[in-house]
Amino acid sequence: MSLITVEHNPSAERLQELGVASWPIWEKEISTFTIDFDETETAYVLEGEIVVTPVGGEPVRILPGDLVMFHAGLDSHWEVVKPLRKHYHYD
């Protein structure tokens, strides 16, 4: 299984089912950093662009409208290409 799962442009029903509108929002300026996930995060990107590269893996480009799962155990390098604004939730 991939440690990053991307669902492009999920339906309004899917977002409502997940309760995305009630999730907190995280914002980040253009930058690079590492994140190691010890629990699974689900995120819905509102604005910006990021490239997330799992350690030893291929880069994944994430854009507005993407619903993304960063699975527990993912060690990753992030490049925020355009200022990021996303909803997030830990399972």
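**Strand pairing and overall fold**

Reply: Start with a bridge: Val-51 has Arg-61 in E5 as its partner. Strands here (E, at least two residues) and helices (H or I, at least four) are DSSP runs, numbered from the N terminus. Residues are numbered from 1 along each chain as its sequence is written. This is a predicted model, where local features need pLDDT of at least 70, side-chain atom pairs count only at pLDDT 80 or more, and totals for chains, interfaces and linings use all residues, while side-chain values use heavy atoms, with hydrogens and water left out.

Me: How many bridges are there between E4 and E5?

Reply: Three, in the antiparallel sense, with E5 covering residues 60-62. Two strands pair if DSSP finds at least two bridges between them.

Me: What sits between E4 and E5 in the hairpin?

Reply: Five residues. Gly-56 is in that turn, with a positive phi of about 80°.

Me: Which way does E7 run against E4?

Reply: Antiparallel, with 12 bridges joining E4 to E7 (residues 75-90). Ala-43 stands opposite Tyr-88 in E7.

Me: And what about E6, how many bridges to E4?

Reply: Four, again antiparallel; E6 is residues 66-70. Tyr-44 is set opposite Leu-67 there.

Me: What radius of gyration does it have?

Reply: The protein has 12 Å, which agrees with the value near 12 Å for a compact globule of 91 residues. That radius is taken over C-alpha atoms, and the globule rule is 2.2 Å times the number of residues to the power 0.38. The C-alpha atoms fill a box of roughly 35 × 30 × 20 Å along the principal axes.

Me: What share of the residues is buried overall?

Reply: 37% of the 91 residues.

Me: Last one, charges. How many positive and negative side chains?

Reply: There are 6 positive and 16 negative, and the centres of the two sets lie 6 Å apart. Lys and Arg count as positive, Asp and Glu as negative; His and the chain ends are not counted. Each charge is placed at NZ of Lys, CZ of Arg, CG of Asp or CD of Glu.

Notes. Buried < 20%, exposed > 50% of the residue type's maximum accessible area, 1.4 Å probe, protein only.
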